[in-house]
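Colleague: I have a model open and would like to learn how to read it. Could you take me through it, one feature at a time?

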Amino acid sequence: MEPIIRVENISRLYHVGGRAVPALQDVSLTAVAGQVVALRGRSGSGKTTLLNCIGGLDRPTSGRIWVGGDEVTQLAEARLVQLRRQKIGFVFQSHALLPTYSARENVDLMLRLANLSRKERLARTEQVLRLVGLGKWMDHRPFELSGGQQQRVAIARAIATRPAVILADEPTGELDTTTGQQILQLFRHIADVEGTTVLIATHDLAVDAFANEVVHLQDGRILTTIPH
Ligand code: ADP
Ligand code: MG
């Protein structure tokens with residue numbers, strides 16, 4: 001199977017006070033459709049930098065990255081915006097939902113941006129909210145939902161446009177252990193049902209149970225890659 005994500009020998013240097021700080025050094029990985037890949041490592045190990053480079057929010061200093069056939073590292077900024085909109089869904093630690101919008105409206109907004117018809121938007125919104133287990137909560141606003149439910153809305157929003165890739169940065173960082181595990185399990189379910197390739201950056205050991213592969217980062221380098 002062709003990889004959906006291909007990262008080849010990337011490095012990212014930051015310049016801090018005249019000094020070059022390597023956030024990533026010679027990192028390579030691939031992921032195919034339907035795979036969940038966990039990026040584990042302590043704070044400062046380079047997880048966020050790697051996700052940002054793959055998602056086109058940051059550019060590596062050297063090396064190449066492909067997402068779904070497009071070479072991200074070759075694209076101009078305007079094309080990167082398109083790529084992010086069409087192929088990538090982002091999930092962060094803080095869900096950043098619109099507070100006055102219901103779950104349904106938060107998801108629908110993404111589909112409006114993607115120019116879907118009203119009928120298509122209605123069907124897809126209900127489908128993804130059911131997929132994340134919020135069938136009964138579609139008309140609730142964020143403050144009427146628990147932290148885990150709010151993160152489920154954020155996940156529904158990220159997958160609504162059927163991106164090939166989900167990039168999740170510490171998605172369980174603000175959740176208790178049990179709720180965090182349920183969210184990790186949900187990413188597994190989405191990869192299985194929708195064929196999405198999911199990359200999850202986390203220091204949460206629980207992720208191992210749901211990942212096809214665990215990539216362990218230390219000081220910007222891949223220490224080990226363990227298939228599960
Ligand atoms: P993680 O997400 O695993 O905590 P990061 O990717 O955020 O790690 O950071 C990796 C390294 O890069 C750290 O040493 C961090 O201090 C450094 N770093 C990250 N972003 C910047 C930046 N914008 N400027 C300078 N250094 C940065
Ligand atoms: Mg981080």
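**Reading the model**

Modeller: Let's begin with helix 4 (residues 118–131): at 1.5 Å a residue, its 14 residues should span 20 Å, and its end C-alpha atoms are 20 Å apart, which agrees. The expected span of a helix is 1.5 Å times one less than its number of residues. Helices (H or I, at least four residues) and strands (E, at least two) are DSSP runs, numbered from the N terminus. Please keep in mind that this is a predicted model, in which local features need pLDDT of at least 70, side-chain atom pairs count only at pLDDT 80 or more, and totals for chains, interfaces and linings use all residues. Residues are numbered from 1 along each chain as its sequence is written, chains are lettered from A and ligands numbered from 1 in the order in which they are written, and side-chain values use heavy atoms, with hydrogens and water left out.

Colleague: Which residues of helix 4 are buried?

Modeller: Buried means under 20% relative accessible area, exposed over 50%, and partly exposed in between (1.4 Å probe, protein chains only). In helix 4, the buried residues are R121, R124, T125, V128, L129 and L131. Seen down the axis, these buried residues fall within an arc of 150°, so they line one face of helix 4. The arc is that of the directions from the helix axis to the C-beta atoms. K119, A123 and R130 are exposed on the other side of helix 4.

Colleague: What covers the buried residues of helix 4?

Modeller: Here we look for contact, meaning heavy atoms within 4.5 Å. The cover of helix 4 includes helix 3 (103–113), helix 5 (147–159) and helix 6 (177–194). After helix 4 comes G133, whose phi is positive, near 85°.

Colleague: How does helix 5 read, then?

Modeller: Helix 5 has 13 residues and reaches 19 Å from its first C-alpha to its last, close to the 18 Å expected at 1.5 Å a residue. Helix 5 is mostly covered, with 12 of its 13 residues buried. Its cover includes strand 6, helix 3, helix 4, strand 7 and helix 6. Q151, found in helix 5, is buried with a relative accessible area of 1%. Leaving aside neighbours within four places in sequence, Q151 is in contact with V91, F92, Q93, H95, P171, L175 and I183. A158 also lies in helix 5 and counts as buried at 7% relative accessibility. Not counting residues up to four places away in sequence, A158 touches G89, F90, V91, P163 and I166.

Colleague: Which residues have the most contacts inside the largest nonpolar core?

Modeller: A nonpolar core is a set of buried Ala, Val, Leu, Ile, Met, Phe, Trp, Tyr and Cys residues joined through side-chain atoms within 4.5 Å. The largest one has 37 residues, and L129, I155, F187 and I200 have the most contacts inside it. Two or more residues of this core come from each of strand 3 (36–40), helix 3, helix 4, helix 5, strand 7 (165–169), helix 6 and strand 8 (197–202). A second, separate core of 27 residues includes L24, V37, I88 and V165.

Colleague: How many cavities of 30 Å³ or more does the count come to?

Modeller: The count comes to 1. About 40 Å³ of space lies in the largest cavity, which is lined by L51, N52, L57, F90, V91, F92, L167 and D169.

Technical notes. On a 1 Å grid over the protein atoms alone, a cavity is a set of points where a 1.4 Å probe fits but cannot get out, and a pocket is an open set with protein on both sides within 12 Å along at least five of seven lines; lining residues have an atom within 4 Å of a point. Grid points are joined across faces, edges and corners, and a volume is the space filled by probe spheres set on the points.
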